[in-house]
Amino acid sequence: MKKKFIYLCLIVTIVLLGCFGKEKETEEVVKTNEEKIITIAEKAEIKTLDPQNTVDSASLSVIQMINQRLFKIDNNGNIIPEIAEEATKVDEKTTLIKIKKDLFFSNGEPVTVDDVLFSLNRAKESPRMTQDFYMIESFEKVDDSTIKVKTFYEAGNLLHKLASMGASIMSKKALEENETNIVGSGMFKLKEWVAGDRLVLERNTYFKDANSNIKEIVIKFIPEANSRMIMLETGEVDIAESLLPLDFQKISKEDDKFVSVEMQSSSNMFIGFDLRDKHLADKRVRQAIAYAINNQDIVDSIYNGSATVATSPIPKITTGHNENSNPYTQNIEKAKELLAEAGYADGFNIVLNVNEDNQRVDTAVVIQDNLKAIGINVEIKTYQWASYVAFVENPAQEKGMFLMAWNIANDDPDELLYPLYHSSQIDAHTNVVFYKNEEFDNLISKARETTDKEKRIELYKKAQDIIQEELPHYAILYPMQNFAYKKSIKGIEVSKRGYFNFQNTIVE
């Protein structure tokens, strides 16, 4: 017997009822509020608008405003239909997904099953998306409103993966005419992109599920946190992201002008070790580096308490976080012993690469000073964000050490552990440190085929123990995320990953 995902149907019903109830309210908003432009100061420039060719958070924060997926996940972990209307599980390996009627792309073309199939198959074939589509055997068209998803085995997290940004549904016609022409069905569409300066989004008039008077969003790329703060205070921008802790505390006191928000993030900041480097290939060297660093000092002095010391690669707020994994409290003598055992009693010279984010650069300076105490001389190299991402992802480029972060959007440890550390992902350019460990690979593969949630979590915790012992990355801290905005802006929503949703935003 076919089993309906009843909870999805209920959610759809609730959404429809909510939309019906808002019709009059929406009409009143349009009549009484002129259309507005919101300007945002963002710390990093986006790399691309193609959801199936990137994993960087700056790009994805914009992509999610342009594209919709079959499903999305709210901050409580609920799976919400977006382009999908309902999902029906036929058997362990087969799921039917029906799409909604009367949905349109921003160019006015209807969203069809053919667009859905084209987008999902494009994602399935993209090397960058293998971490989300590993279990998919095929996507097939059943009729003009239904697709069939066949998996190699029963996949308990199928809908989570179909809610990933890489599963965005785009116009087949537009992409076939021009492979850089990303046309989605989200609230906004691209109006202008001036490299190194700004990106402008304009309202998609075919997107009806909104109660907002925003007609345009201007995103300015401002790497300097101090500049973002000044621009907010002077009124040059309406929203400023990723403020320095002291600036954020200052702006938080100006209750009459601004609203400030600080929240736990699903991100970790780590040092990556290129394991092809002759020094870093020895795990004792990597462990020595970990023991030499004072993580708490970085949290206190650089982040002013707006972060917590990391104990594993998986952030604290993510299901499956292993709090009891191997920590590396600063121990200079232990670090020196490990270096001597590895044959580097006198230390060595190495590069630490970082993008031009204030806190990361300051963190690099602290690490440089910490490692000097054990004889490792660090040269810091700084990059603009898009150039930095390209540098880190380039397999031909030896990287030494680098500071980076990774966000988990779907509350699933697999979203970090598989792409960053599974040996198969070296070719996908997400395992950029060239880490290979058969025991780890087997644990991850087993977890992916386990439908019992608790058993999956135990497997992922064991996998975290291996990473904390082997240290292809060394997780330093879990940063808080913050932003501040003018009080005249009402109804901003933000996801756990720090992405804005302006569907119910009114600018007074």
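Figure 1. A residue is termed partly exposed when its relative accessible area lies between the buried class, under 20%, and the exposed class, over 50%. In this predicted model, glutamate 323 has a relative accessible area of 38% and is therefore partly exposed. Its partner in a salt bridge is lysine 316, with 2.7 Å between the closest N and O atoms. Lysine 316 has a relative accessibility of 34% and so falls into the partly exposed class. Elsewhere, one network of salt bridges with shared partners joins Asp132, Lys161, Asp414 and Arg448.

**Figure 2. The salt bridge between arginine 198 and aspartate 197.** The side chains of these two residues meet with an N to O distance of 2.5 Å. Arginine 198 has a relative accessible area of 25% and is partly exposed. Aspartate 197 is likewise partly exposed, at 33%.

Figure 3. The side chains of glutamate 470 and lysine 283 form a salt bridge, at 3.9 Å from N to O. Glutamate 470 belongs to helix 16 (residues 453–470) and lysine 283 to helix 9 (residues 283–292), so that the pair, 187 residues apart, links distant parts of the chain. Lysine 283 is partly exposed, with a relative accessibility of 29%. The count of salt bridges in the model comes to 23.

**Figure 4. Helix 2 and its cover.** Helix 2 spans residues 57–66 and is mostly covered, with 9 of its 10 residues buried. The buried residues are Ala58, Ser59, Leu60, Ser61, Val62, Ile63, Gln64, Met65 and Ile66. Among the elements that cover them are three strands, namely strand 9 (188–194), strand 10 (198–203) and strand 11 (214–221). Helix 13 (385–393) and strand 22 (500–501) also contribute to this cover.

**Figure 5. The whole protein as context for the close-up views.** The protein contains 16 helices and 23 strands. Its radius of gyration is 23 Å, in agreement with the value near 23 Å for a compact globule of 508 residues. Along the principal axes, the C-alpha atoms fill a box of roughly 70 × 60 × 40 Å. Of the 508 residues, 56% are buried. Among contacts with a separation of 6 or more, 69% are between residues 24 or more positions apart. The accessible surface amounts to about 21600 Å², and carbon and sulfur atoms account for 48% of this area. There are 61 positive and 79 negative side chains, and the centres of the two sets are 3 Å apart.

Technical notes
Residues numbered from 1 in each chain as written. Predicted model: local features only at pLDDT ≥ 70, side-chain atom pairs only at ≥ 80, totals over all residues. Heavy atoms only, no water. Buried < 20%, exposed > 50% of the residue type's maximum accessible area, 1.4 Å probe, protein only. Helix = DSSP H or I, 4+ residues; strand = E, 2+ residues; numbered from the N terminus. Contact = heavy atoms within 4.5 Å. Salt bridge = Lys/Arg side-chain N within 4 Å of Asp/Glu carboxyl O. Rg over C-alpha atoms; globule rule 2.2 N^0.38 Å. Areas by Shrake-Rupley, 256 points an atom, 1.4 Å probe, with all protein chains shown as cover. Lys, Arg positive; Asp, Glu negative; His and termini not counted. Charge placed at Lys NZ, Arg CZ, Asp CG, Glu CD.
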